[in-house]
Amino acid sequence: MKKGKAWVMAVLCGMFFFAGHADAATIHTVKRGDTLWKIAKQYGVPLKQLMQKNRKDDRLYPGEKLIIPNAGITAAEKDLLARLVHAEAKGEPYAGKVAVATVVLNRVDHPDFPDTIRAVIYERSGGHYAFTPVANGTINEPADRESYRAVEEALAFRGLGKGSLYFYNPKTAKSKWLRSRPVTVVIGNHVFAK
């Protein structure tokens with residue numbers, strides 16, 4: 001009987017021990033030349049979240065250990081966002097690609113829009129998709145390396161921009177309502193607004 005209780009106790013302790021490690025945080029050891037911005041981009045996590053999790057200002061010390069917070073975004077969501085960036089901003093400057101990804105992330109964080117990347121990208125309003133590549137199928141084309149980099153940068157930049165929720169090409173956009181939105185920045189052929 002005692003052996004049975006000991007065995008059950010050992011199994012329960014083992015489950016607890018290993019379950020705790022299944023969700024173990026990623027730890028980054030600071031190297032010479034690291035910055036919080038570079039680390040945030042490397043792991044695809046918001047800079048603000050990285051700073052808050054580690055109670056950091058801008059100072060880093062080689063050998064210091066940082067906890068990398070969970071970005072809460074899956075590889076599939078990053079791929080979908082990169083494909084949207086590629087389709088929407090092909091031929092645009094790199095900053096424009098980052099801004100397109102940022103618009104999607106801003107919408108995810110905004111109460112007036114769906115709360116997942118997938119739901120934002122595939123959202124329909126008035127019978128129309130929010131993003132042209134979804135309607136014409138170019139969302140299904142593979143993204144290039146620069147689009148993936150732009151997504152990582154947008155993730156690191158999350159929560160730090162001017163809050164753009166829309167973008168359009170003024171040469172092709174017909175919506176008077178969209179053109180009436182306050183402009184946050186113009187990059188390449190795109191106007192970004194909120």
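The legends below describe close-up views of a predicted model, in which local features need pLDDT of at least 70, side-chain atom pairs count only at pLDDT 80 or more, and totals for chains, interfaces and linings use all residues. Residues are numbered from 1 along each chain as its sequence is written, and side-chain values use heavy atoms, with hydrogens and water left out.

**View 1. The aromatic pair of Phe113 and Tyr166.** The structure holds four aromatic pairs (rings of Phe, Tyr and Trp, the last by its six-membered ring, with centres within 6.5 Å; planes under 30 degrees apart are stacked, over 60 edge-to-face, the rest tilted). The ring centres of Phe113 and Tyr166 are 6.1 Å apart and the planes meet at 65°, so this pair is edge-to-face. Phe113 belongs to the loop between α5 (94–109) and α6 (117–121), and Tyr166 to strand β5 (residues 166–168), 53 residues apart (helices, H or I, of at least four residues and strands, E, of at least two are DSSP runs, numbered from the N terminus). Both Phe113 and Tyr166 are buried (under 20% relative accessible area, 1.4 Å probe, protein chains only). Ring pairs join Phe113, Tyr166 and Trp177 in a cluster.

**View 2. The aromatic pair of Phe167 and Phe192.** With ring centres 5.7 Å apart and planes at 35°, the pair is tilted. Phe167 is in strand β5 and Phe192 in strand β7 (residues 190–193), so the pair ties together parts 25 residues apart in sequence. Phe167 and Phe192 are buried.

**View 3. Arg124 over the ring of Tyr129.** The charged end of Arg124 sits 4.6 Å from the ring centre of Tyr129 (CZ of Arg or NZ of Lys within 6 Å of the ring centre and within 35 degrees of the ring normal).

**View 4. The largest pocket.** This pocket (an open set of points on a 1 Å grid over the protein atoms alone, where a 1.4 Å probe fits, with protein on both sides within 12 Å along at least five of seven lines) holds about 720 Å³ of space, the volume being that filled by probe spheres set on the points. Its lining (residues with an atom within 4 Å of a point) has 22 residues, with Tyr129, Ala130, Phe131, Phe167 and Leu178 nearest the centre. At least two lining residues come from each of β4 (128–129), α7 (132–136), β5 and α9 (176–179); β5 gives the largest share, three residues.

**View 5. The second largest pocket.** About 230 Å³ of space lies in the second largest pocket. Of its 15 lining residues, Thr26, Ile68, Pro69, Asn70 and Ala71 lie nearest the centre.

Technical notes: Buried < 20%, exposed > 50% of the residue type's maximum accessible area, 1.4 Å probe, protein only.
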